[in-house]
There are 2 protein chains.
Amino acid sequence: MSHMGYGCLMAVDRDHVLRSAAALLTRKSTATMDEVAKAAGISRATLHRHFAGRDALVRALEALGIAECQAALAAARPDEGPAADAVRRLVAAIEPHAPLLAFLYTENQLFEGEEQNEGWAAMDERVAALFRRGQASGEFRIDLTPAWLTEALYGLLASAAWAVAEGRVAPKDFTHMIVELLLGGVRRPDAPARRKES
Amino acid sequence: MSHMGYGCLMAVDRDHVLRSAAALLTRKSTATMDEVAKAAGISRATLHRHFAGRDALVRALEALGIAECQAALAAARPDEGPAADAVRRLVAAIEPHAPLLAFLYTENQLFEGEEQNEGWAAMDERVAALFRRGQASGEFRIDLTPAWLTEALYGLLASAAWAVAEGRVAPKDFTHMIVELLLGGVRRPDAPARRKES
DNA sequence: CTTGAATGAGACATCAATGTCTCACATGGG
DNA sequence: CCCATGTGAGACATTGATGTCTCATTCAAG
């Protein structure tokens with residue numbers, strides 16, 4: 001009787017439900033609780049036993065996304081070696097979680113005045129710190145603020161995730177496309193029409 | 001009785017309603033028809049006389065966004081001069097409409113299997129053609145596909161619009177940040193840690 | 001002034017999603 | 001075997017948004 005709480009099996013199931021919900025909501029962000037339940041192979045009643053409601057589910061998804069991104073960030077060792085390489089490692093590490101990130105990125109637009117999970121602020125700060133480090137070391141240009149570069153990275157991750165999901169881009173090019181565009185831009189280094197030279 | 005405090009002549013034409021709705025839905029994409037009506041200074045009944053329903057409103061908003069973006073595209077003269085300059089003109093021309101574009105960009109994720117407005121395909125093609133032209137002329141690198149560059153441009157526009165809306169970025173830097181990141185990337189051209197370069 | 005069109009206010013039914021509940025089943029441990 | 005727990009299925013009320021309707025008011029044209 002006494003709540004039994006998060007037993008061994010519960011945690012596994014909960015995680016499976018969460019991942020199924022992430023996969024579904026990534027494709028169809030307006031999916032019903034019923035659809036989420038079916039996608040996870042459970043009934044709506046059981047889904048409700050795991051998550052009090054849709055809001056709780058999204059919050060749990062948000063926590064999952066933050067945890068995965070923070071793990072990816074830690075695995076990318078953002079403080080080691082050239083900042084450019086660290087950015088590449090970071091994108092590569094986040095790649096598997098990009099669809100979930102894309103979902104949360106747009107979902108966050110809905111969190112109007114409501115409280116924002118402070119986990120995002122922590123993520124933002126660590127990513128911004130990476131760009132700041134690159135600027136301090138002279139690797140990165142200093143006329144683009146770290147805050148903007150962080151936002152741009154999220155935007156590119158989300159765009160790439162959608163482009164891949166809709167078949168407009170090959171999945172294998174994911175990391176390359178994002179990193180190359182973010183670091184080097186679209187202009188050829190030795191473009192013939194180069195006009196400014198510093 | 002009915003104080004009617006609002007202006008005397010509310011001459012609400014369809015365009016004014018559309019722009020108000022765009023401004024509101026950009027900030028709060030889940031706004032109610034009632035909220036949309038209030039934002040436009042009209043009653044829900046009148047709003048319904050202009051647009052059959054929420055779906056029709058969003059479609060009209062989509063048509064407005066497409067029209068504005070196409071106008072911006074035409075004004076940017078994408079076929080004239082260096083492609084890099086054309087990109088800059090394009091971003092500058094779209095800037096005023098970026099919030100609406102950002103709203104539609106995420107809203108389109110919801111148009112699951114439903115029909116996509118072919119206007120977007122036309123936009124995509126013309127933007128991709130600009131990047132293709134830059135590649136053909138040798139200005140742009142060829143290892144990033146025009147389709148991805150088009151997606152990335154949309155993503156950066158949306159990211160920048162949100163960043164500006166949330167005060168994380170100064171509005172005056174909008175065009176500069178997008179264009180510089182897209183064209184030149186974050187890496188300094190003469191970065192000291194440059195490793196791979198022939 | 002009279003009339004007609006457009007509007008605002010609000011009532012009302014509808015509909016979809018949600019949250020809560022009960023009940024039957026089945027599975028595993030005592 | 002018996003029972004407790006978790007589950008699936010489904011009924012049910014609730015909530016919020018929506019679409020439709022009526023009616024009084026306002027404003028401008030005649």
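A polar contact, as I use it here, is a pair of N or O atoms within 3.5 Å; within protein, one must be able to donate a hydrogen and the other to accept it, and residues adjacent in sequence count only if both atoms are side-chain atoms.

**Ground rules**

I am working on a predicted model, where local features need pLDDT of at least 70, side-chain atom pairs count only at pLDDT 80 or more, and totals for chains, interfaces and linings use all residues. Residues are numbered from 1 along each chain as its sequence is written, chains are lettered from A and ligands numbered from 1 in the order in which they are written, and side-chain values use heavy atoms, with hydrogens and water left out.

**Entry 1: DNA strand D**

I started with R54(B), where a polar side-chain atom sits 3.3 Å from a phosphate oxygen of DNA strand D. T46(A) also reaches a phosphate oxygen of DNA strand D, with a polar side-chain atom at 2.3 Å. R44(B) goes for a base instead: a polar side-chain atom lies 3.0 Å from a base oxygen of DNA strand D. I then asked which elements give two or more residues to the surface near DNA strand D. They are α3 of chain A and α3 of chain B (helices are DSSP runs of H or I, at least four residues, and strands are runs of E, at least two, numbered from the N terminus). α3(A) gives the most, four residues.

By class I note five nonpolar, six polar and five charged residues (Ala, Val, Leu, Ile, Met, Phe, Trp, Tyr, Cys and Pro count as nonpolar, Asp, Glu, Lys and Arg as charged, and the others, Gly among them, as polar). Of the atoms of DNA strand D within 4 Å of the protein, sugar or phosphate holds 60%, and bases make up the rest.

**Entry 2: DNA strand C**

How many residues surround DNA strand C? I find 14, the closest being T32(A), M33(A), R44(A), S43(B) and T46(B). Sugar and phosphate make up 56% of the atoms of DNA strand C that come within 4 Å of the protein.

For M33(A), I see a backbone N or O atom 2.9 Å from a phosphate oxygen of DNA strand C. H48(A) has a polar side-chain atom 3.2 Å from a phosphate oxygen of DNA strand C. R44(A) has a side-chain N or O atom 3.0 Å from a base oxygen of DNA strand C. Two or more residues each come from α3 (44-50) of chain A and α3 (44-50) of chain B. The largest share, four residues, is from α3(B). I sort this surface into four nonpolar, six polar and four charged residues.

**Entry 3: salt bridges**

Next I searched the whole structure and got 26 salt bridges over all chains (a side-chain nitrogen of Lys or Arg within 4 Å of a carboxyl oxygen of Asp or Glu).

I looked up E68(A) and R19(A), whose side chains meet at 2.5 Å, N to O. E68(A) is in helix α4 (residues 54-75) and R19(A) in helix α1 (residues 8-27) of chain A, so the pair ties together parts that are 49 residues apart in sequence. Is E68(A) buried or exposed? E68(A) is buried at 11% relative accessible area, while R19(A) is partly exposed at 40% (buried is under 20%, exposed over 50%, partly exposed in between, with a 1.4 Å probe and protein chains only).

E151(B) and R168(A) form a salt bridge at 2.6 Å, N to O. This one crosses between chains, from helix α8 (residues 146-165) of chain B to the loop between α8 (146-165) and α9 (174-184) of chain A. E151(B) is buried at 5%, and R168(A) is partly exposed at 37%.

K172(B) and D173(B) meet at 3.0 Å, N to O. K172(B) is exposed at 73% and D173(B) partly exposed at 24%. I also logged a salt-bridge network of R88(A), E180(A), R141(B) and D143(B).

**Entry 4: aromatic rings**

I count six aromatic pairs over all chains (rings of Phe, Tyr and Trp, the latter by its six-membered ring, with centres within 6.5 Å; planes under 30 degrees apart are stacked, over 60 edge-to-face, the rest tilted). W162(A) and Y105(B) pair edge-to-face, 5.4 Å centre to centre with 75° between the planes. The pair runs between chains, from helix α8 of chain A to helix α6 (residues 98-107) of chain B. Both W162(A) and Y105(B) are buried. Last, I noted a cluster of Y105(A), Y154(A) and W162(B) linked by ring pairs.

Key: Near = heavy atom within 4 Å.
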